Amino acid sequence: MTFGVVRFPGSNCEQDIVIACRYLGIDVDYVWHGDTDLSGFDAVVLPGGFSYGDYIRTGAVARFSPVMGEVVRFAERGGPVLGVCNGFQILTEAHMLPGAMLRNRGLKFICETVPLRVEHNICPWVDLPEGTVVRIPINHNEGNFTADPETLARLDANGQIVVRYCEPDGTRAPGGSAPNGAADDIAGICSERGNVFGLMPHPERVCDPEASGTDGQPFFTSIVAHMAGV
Amino acid sequence: MARYEIFVTYKQGIFDPPGATAERALASLGYDEVESVKIGKYIRLEVADGPNELARVAEMCDKLLANPVIEEYRIVETEGAAR
């Protein structure tokens with residue numbers, strides 16, 4: 001199984017993804033944003049960063065990169081697509097995932113490791129028991145996910161809410177546990193079929209125990225096991 | 001050539017973090033009369049004359065300049081740019 005990690009002008013976390021994959025024994029290579037050929041890749045990752053300088057809106061310009069048409073077709077064929085941080089923003093701008101990103105409540109760029117709770121979900125990217133709490137860093141200015149109430153209800157009912165921000169013990173504070181103000185404490189969602197997954201936190205940064213931790217590993221190994229039919 | 005001014009703002013009901021912050025800041029400066037602040041974007045386009053000009057500008061807004069999921073826009077045609 002080979003992951004393709006797309007490099008947009010302004011991406012800056014693509015190497016983190018590649019290093020995490022290699023650490024976990026996953027074959028991986030870069031894909032240039034101007035490429036239109038994804039043959040040879042079994043999963044596609046849109047990494048974090050500031051694609052096209054975040055101009056207009058985060059992800060708004062990257063969405064029209066030549067590679068994105070092929071990423072849409074890849075996902076339509078059921079191919080697994082992961083968007084981390086700016087990658088998640090690009091997926092919403094491309095309407096591959098519902099909703100949109102606002103600036104963080106309080107206007108602060110937030111860089112900290114936060115607890116996330118795995119929800120009951122249909123997403124093959126995260127095969128962890130419901131209620132599992134993982135600690136993963138966030139690092140963003142526009143992670144305040146929003147969607148209309150009908151969309152939020154539908155995401156919840158369909159098992160498309162994959163991870164939520166929570167308190168260290170896995171509960172959710174009455175006033176919300178999302179440090180960025182995200183609706184319904186949403187940190188990551190998947191598409192109706194489950195194969196497209198976007199999240200604001202950076203699981204690739206907690207894959208090597210000598211550097212940070214291992215909480216992010218299942219966010220890469222789950223899909224490999226799923227594709228292998230394990 | 002025509003000039004278009006485009007005002008992009010959040011839709012009703014969408015939380016506007018910069019607007020809310022400015023609202024609190026103005027209140028703390030003593031401007032108690034301020035009831036609401038909304039902050040948006042101003043975009044100016046100069047467009048060569050052609051068919052379906054306004055419809056094409058609206059299309060540009062829907063595709064790129066605004067995100068219809070959270071934003072709405074108002075297009076104002078102003079005087080043609082002097083050339």
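This is a predicted model: local features need pLDDT of at least 70, side-chain atom pairs count only at pLDDT 80 or more; totals for chains, interfaces and linings use all residues.
**Chain B**

Chain B contains two helices and three strands, and when the chain is read along its sequence these elements follow the pattern β-α-β-α-β. The radius of gyration of chain B is 16 Å, well over the 12 Å that the globule rule gives for 83 residues, so chain B is more spread out than a compact globule. Taken along the principal axes, the box filled by the C-alpha atoms of chain B is roughly 50 × 30 × 15 Å. Of the 83 residues in chain B, 13% count as buried, where a residue is called buried if 20 or more other C-beta atoms lie within 10 Å of its own. When contacts in chain B between residues at least 6 apart in sequence are considered, 69% of them join residues at least 24 apart.

**Strands β9, β10 and β11 of chain A**

In chain A, strand β10 covers residues 186-190, and five of its five residues are buried, so this strand is largely enclosed by the rest of the structure. Strand β10(A) is joined by bridges both to β9(A) and to β11(A), as the table sets out.

| Strand pair | Bridges | Direction | A bridge partner pair |
|---|---|---|---|
| β9(A) (residues 161-165) and β10(A) | three | antiparallel | I161(A) and I189(A) |
| β10(A) and β11(A) (residues 196-199) | three | antiparallel | I189(A) and G198(A) |

**Where the chains touch**

The contact between the chains takes 10 residues from chain B and 13 residues from chain A. On the side of chain B that touches chain A, the elements that give two or more residues are α1 (17-28) and α2 (53-65) of chain B. Of the elements on that side, α1(B) gives the most, with three residues. By residue type, this side of chain B divides into eight nonpolar residues, two polar residues and no charged residues.

Conventions. Residues are numbered from 1 along each chain as its sequence is written. Chains are lettered from A and ligands numbered from 1 in the order in which they are written. Helices (H or I, at least four residues) and strands (E, at least two) are DSSP runs, numbered from the N terminus. The radius of gyration is taken over C-alpha atoms; the globule rule is 2.2 Å times the number of residues to the power 0.38. A residue is buried if 20 or more other C-beta atoms lie within 10 Å of its own, exposed if 12 or fewer, and partly exposed in between; C-beta atoms are placed from the backbone. Two residues are in contact if their C-beta atoms, placed from the backbone, lie within 7 Å. Two strands pair if DSSP finds at least two bridges between them. Ala, Val, Leu, Ile, Met, Phe, Trp, Tyr, Cys and Pro count as nonpolar, Asp, Glu, Lys and Arg as charged, and the others, Gly among them, as polar.
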